[in-house]
Amino acid sequence: MSKQSRINKYIALCGVCSRRAAEKMIAQGRVSLNGRVLSDEDLSTMVTHDSDVVEVNGNRITPEDEKLYILLNKPRLCVTTVNDPQHRTTVIDVLRRRRKGVTPFKARVYPVGRLDFDTEGALLLTNDGELAHRLAHPRYEVEKVYQALIDGVFSEADSARIAEGVKLEDGHIGRAKARLISKDGAGSVVELSLREGHKHEVKQLLASCGYQTLSLWRVNFANITCEGLKPGEWRNLTEIEIKSLRKLVF
Ligand code: URA
């Protein structure tokens, strides 16, 4: 069962202040639960740690030992970093955007691995440093599945070449299971499943067969998909998904 605490205890667990000071903050209208501002009539409200969103002075708070696991359907035209010196939109800006009926995400999380500026799709973000490190490390061979629209029709010979291995710009050998999904005019859609993950690897693998990647999206990361999420939308991972990730790398 999900852990629950009275609102003042929850605020104290988050390291904001004592339980008594928390009651004062609630009475002053500085605390909200799932977007609703609380008052001194709400002092006995219970918070469900896994699902409720508590904000103090407009900032989301979470218990200090609480881990957050988010799946974002990363839109194109944003960078997979927390800060960008060139002031482009980051994935964190996307999480913080206001959406109807959804409290903007305020806590600190970090992306697991990277997707290019123009790549869309499944991106995990978490504050669980050890899990993030392992999921992104080539040693654990976590499966990532991409689909790419290319400017030609992918062949069996291309598939064999990519399965055998291709020398990448950084000197590593990149390989993937790749298959044609559909033809689209003069182009085609190819699905590639990778176990490692080097910079621009999918684009480089396809370029080694003479194709330009016109559009790229990640359909799943470790079997976790963005089904039901439009680009820019996010959700918390389920307990089952978090357990399955841990099982893969611990
Ligand atoms: N490979 C690429 O070329 N780009 C990505 O964003 C991810 C994998």
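**Ground rules.** I worked with a predicted model, where local features need pLDDT of at least 70, side-chain atom pairs count only at pLDDT 80 or more, and totals for chains, interfaces and linings use all residues. Residues are numbered from 1 along each chain as its sequence is written, and side-chain values use heavy atoms, with hydrogens and water left out.

**Shell.** I found Leu 115, Asp 116, Thr 119, Tyr 146, His 200, Glu 201, Val 202, Lys 203 and Leu 216. By class I noted four nonpolar (Tyr counts here), two polar and three charged (Asp, Glu, Lys or Arg) residues. Helix α6 (residues 201–208; a DSSP run of H or I, at least four residues) gives the largest share, three residues.

**Domains.** I see the ligand lying between domain 2 (69–138 + 224–249) and domain 3 (143–221), because both give residues to its shell. Those bounds come from an automatic or database domain assignment.

**Polar contacts.** I checked N or O pairs within 3.5 Å. Ligand oxygen atoms lie 2.7 Å from a backbone N or O atom of Asp 116, 2.9 Å from a side-chain N or O atom of Thr 119, and 3.3 Å from a backbone N or O atom of His 200.

**Cover.** I noted that the protein covers 96% of the 240 Å² of accessible area the ligand has on its own (Shrake-Rupley, 1.4 Å probe).

How values were computed:
Near = heavy atom within 4 Å. Polar contact = N/O pair within 3.5 Å; in protein donor to acceptor, adjacent residues only side chain to side chain. Helix = DSSP H or I, 4+ residues; strand = E, 2+ residues; numbered from the N terminus.
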